[in-house]
Amino acid sequence: MKIPDTNIFTERQIEIMQAATQRIDKHGIQDLTIKNLAADLELSEAALYRHFKSKNDILMGLLNYFILEMENRLSAIINQEEIEAEGLLKEVFDSQLGSFVKNPAIVSVIFSEGIFQFNKDLNNRVMEMMKLMQINIQSVIAKGIEAGQIRGIADPSTITTIIMGSMRLTVLKWKLSGHKSNLIHDGTTVLSGILKMIAK
């Protein structure tokens, strides 16, 4: 994942997170250790610990960056008042799935429940990420129902859960395939099927 220079991270922290994503992409999140990462960067472990206290701190940095990037990206899409609900949903998921394809390491991080169940802070951050997506989708659904663009076959929260659950399964299948399936195509197909049921 390409992480731009921001005021949130130092240049060395950015370099470390980039190396972490490369290792996750190649070997999986289980192989991300301070020892391995230090070797990748040709640093001593002590030098790496000066920038991040632990492996979990590095993962938190990745999550924080992705949430910020996602928030900015989704906000730009949702605020397009001239586009109807169906079009907004298509844009949102096209953007999100495209981001996963470009940054497959973040999917490995998000789906690492085995790590997060023992770390409350990481678990809460992933929950915040899911809530951010839920709020945006639910807002589009609610406005679509009010505008007569979406059939109110259920309340906005339930429809949002159906859409997000279906897309999460699609992303998981892509991850388990070793990223060999076509996530954009499969996700678009799933969303189109749901939209046929709910769009007027």
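Reply: Start with Asn136. Its relative accessible area is 13%, and the cut-off for buried is under 20%, so Asn136 counts as buried. Keep in mind that this is a predicted model. Every value below is computed from its atoms.

Where does Asn136 sit? It belongs to helix α8, which runs over 120-146. What does Asn136 touch, once residues up to four places away in sequence are set aside? Two residues: Leu74 and Ile78. Gly87 is 49 residues away along the chain, and the two C-alpha atoms are separated by 14 Å.

Gln96 is in helix α5, which covers 85-102. Is Gln96 buried or exposed? Its relative accessibility is 6%, so it counts as buried. The side chains of Gln96 and Arg73 are joined by a polar contact of 3.0 Å. So what holds for Gln96 is this: it is buried, because its relative accessibility is 6%, and its side chain has a polar contact with Arg73.

Asn119 is in the loop between α7 (113-116) and α8. At 17% relative accessibility, it is counted as buried because the limit is under 20%. Which backbone atom does the side chain of Asn119 reach? It is the backbone nitrogen of Asp121, at 3.2 Å.

Now the nonpolar surroundings. The largest nonpolar core has 60 residues. Leu37, Ile58, Phe100 and Ile163 have the most contacts inside it. Which helices each supply at least two residues? They are α1 (11-27), α2 (34-41), α4 (55-78), α5 (85-102), α6 (104-110), α8 (120-146), α9 (156-176) and α10 (183-198). Helix α4 gives the most, with 12 residues.

Not counting residues up to four places away in sequence, Ile58 touches Ile16, Met17, Ala20, Ile34, Leu37, Leu48 and Phe52. Leu37, in that list, is another of the residues with the most contacts inside the core.

Glu45 lies in helix α3. It is partly exposed, because its relative accessible area is 37%, between the cut-offs of 20% and 50%. Lys35 and Glu45 are 10 residues apart in sequence, and their C-alpha atoms are 6.2 Å apart.

Glu42 is in the loop between α2 and α3 (45-49). It is not a glycine, yet its phi is positive, at about 55°. Its relative accessibility is 75%, so Glu42 counts as exposed. What about His179? It is found in the loop between α9 and α10. At 30% relative accessibility, His179 counts as partly exposed.

Finally, the whole chain. How many helices and strands are there? The protein has 10 helices and zero strands. The C-alpha trace spans about 60 × 35 × 25 Å along its principal axes. Of the 200 residues, 42% are buried. Take contacts between residues at least 6 apart in sequence: 64% of them join residues at least 24 apart. The accessible surface is about 10,700 Å², and carbon and sulfur atoms account for 52% of it. There are 22 positive and 23 negative charges, and their mean positions are 5 Å apart.

Back to the starting point.

Terms used:
Residues numbered from 1 in each chain as written. Predicted model: local features only at pLDDT ≥ 70, side-chain atom pairs only at ≥ 80, totals over all residues. Heavy atoms only, no water. Helix = DSSP H or I, 4+ residues; strand = E, 2+ residues; numbered from the N terminus. Buried < 20%, exposed > 50% of the residue type's maximum accessible area, 1.4 Å probe, protein only. Contact = heavy atoms within 4.5 Å. Areas by Shrake-Rupley, 256 points an atom, 1.4 Å probe, with all protein chains shown as cover. Lys, Arg positive; Asp, Glu negative; His and termini not counted. Charge placed at Lys NZ, Arg CZ, Asp CG, Glu CD. Core = buried A, V, L, I, M, F, W, Y, C linked by side-chain atoms within 4.5 Å. Polar contact = N/O pair within 3.5 Å; in protein donor to acceptor, adjacent residues only side chain to side chain.
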